[in-house]
Amino acid sequence: MREAGEGRRLEPPTFQDILRARAVVHRYLPATPLLPAPLLSERLGCQIYLKCEQMQPIGAFKVRGGVYLMSRLSEEERARGVVTASTGNHGQSIAYAARLFGVRAIIYAPEGANPLKVAAMRRLGAEVVLTGRDFDEARLACEAHAAAEGLRYIHSANEPDLIAGVGTYALEIIEALPDVEVVIVPIGAGSGVCGTGIVMKTVDPALRVIGVQAAGMPVVYESWRQGKLLELRDGYTFAEGIATRVAFELPLRIIRERVDDIVLVSDEEIARSMVELLEAGRVVAEGAGAAALAAAYRLRDQLRGKNVVLVVSGGNVTLETLRWAFDVFAVSNSEVSE
């Protein structure tokens, strides 16, 4: 792990910015359900609620940010077109919003990207370029293309309007469950946890906001812990929605101000949680979408008796990955039985 460059310094969105974003987002997207999960509540000893962002049109929360950011572009930017890098959900968000507003979109994704997400981006009308071994290599190629062609580059995290847009789901949580005490959010580049932190800490500084990362790619956790931007030389998690090797300036600044804790979970814990969400919550979640439940198990003693919201950030999972998760679940259960 090494120190990363500082990147662009931008002003974070305010609570009022997120309120303004809601007026736009709700024009195009419905609010998602906040569902009680009685069986998970029984297992964890607290009241568990699932914020079902996998029910968005693209199957993930990020569409909120894409819609709001695209609504804020100038006519000149829309005419030139946009380009971004993504492992899938952010790219789908930009593709969906670009089609909505009639804008050309180019998405750079790593060569091993989730084929369901790649197909969805193309189906939405985006031009998809597969390059690099992971998100960060695809991002560097994307940035070079944006500079060469004069396109509006949309960063996956250093974008205040993206953060404001995704923060609208946190407003929905507060409205549906005013007595919420803890919200657990998966962290990839960090837009979701940042929007959540801004809303929750504005409403009540005592509300706990907890992020979760994969132990195999803990760059935001380590950057938060050490107080500086870091970059992983390598790393792996099957949960592509939270797979990044680089921490970014704006999200890290917000996280340090607005997030109480970050928890690391293993790929095995995430896989088990995918199966548990399906079994106990009747919810199909991808790896990133199940990470909050994995973190809740790690924190169960701290959560006892509290009202806890788990953000199911996305549900774009392949059958192959689901089969693997069931195998992991079966093996771990048999080991416990023995």
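Colleague: How are H1 and H9 oriented to each other?
Modeller: H1 and H9 are roughly perpendicular, a label used for angles of 65 to 115 degrees. The axes of H1 (residues 15-28) and H9 (residues 168-176) cross at roughly 95° and come within 9 Å. Axes are lines fitted to C-alpha atoms, for helices over the stretch in contact, with angles from 0 to 180 degrees between N-to-C directions. Helices (H or I, at least four residues) and strands (E, at least two) are DSSP runs numbered from the N terminus.

Colleague: Which residues make the contact?
Modeller: On H1, Phe15, Ile18, Leu19, Ala21, Arg22, Val25 and His26; on H9, Thr168, Leu171, Glu172 and Glu175. Contact here means heavy atoms within 4.5 Å. By class there are six nonpolar, two polar and three charged residues. Ala, Val, Leu, Ile, Met, Phe, Trp, Tyr, Cys and Pro count as nonpolar, Asp, Glu, Lys and Arg as charged, and the others, Gly among them, as polar.

Colleague: Before I go on, what sort of model is this, and which cut-offs apply?
Modeller: It is a predicted model: local features need pLDDT of at least 70 and side-chain atom pairs 80 or more, while totals for chains, interfaces and linings use all residues. Residues are numbered from 1 along each chain as its sequence is written, and side-chain values use heavy atoms, leaving out hydrogens and water.

Colleague: Nice. What is the strand order in the open sheet?
Modeller: E6-E5-E4-E7, four strands with parallel pairing; strands pair if DSSP finds at least two bridges between them. E6 (127-130) and E7 (152-154) are at the edges with a single partner strand each, so one side of each has no neighbour in the sheet. The twist averages 20° from one strand to the next.

Colleague: Which helix packs on the sheet?
Modeller: H6 (residues 115-123), which touches E5 and E6 and makes about 145° with the direction of E6.

Colleague: Switching topic: how many disulfides does the search find?
Modeller: Zero in the whole structure, taking a disulfide as two cysteine sulfur atoms within 2.5 Å. For Cys46, the nearest cysteine sulfur belongs to Cys52, 16 Å away.

Colleague: Is Cys46 buried or exposed?
Modeller: Buried, at 2% relative accessibility. Buried means under 20% relative accessible area, exposed over 50%, partly exposed in between (1.4 Å probe, protein chains only). Cys142 is buried too, at 0%.

Colleague: Last one: how many residues of H12 are buried?
Modeller: Seven of the 10 in H12 (residues 249-258). They pack against H8 (160-166), H10 (191-203), H11 (219-226) and strand E11 (261-265).

How values were computed: Parallel < 35°, antiparallel > 145°, perpendicular 65-115°, else oblique.
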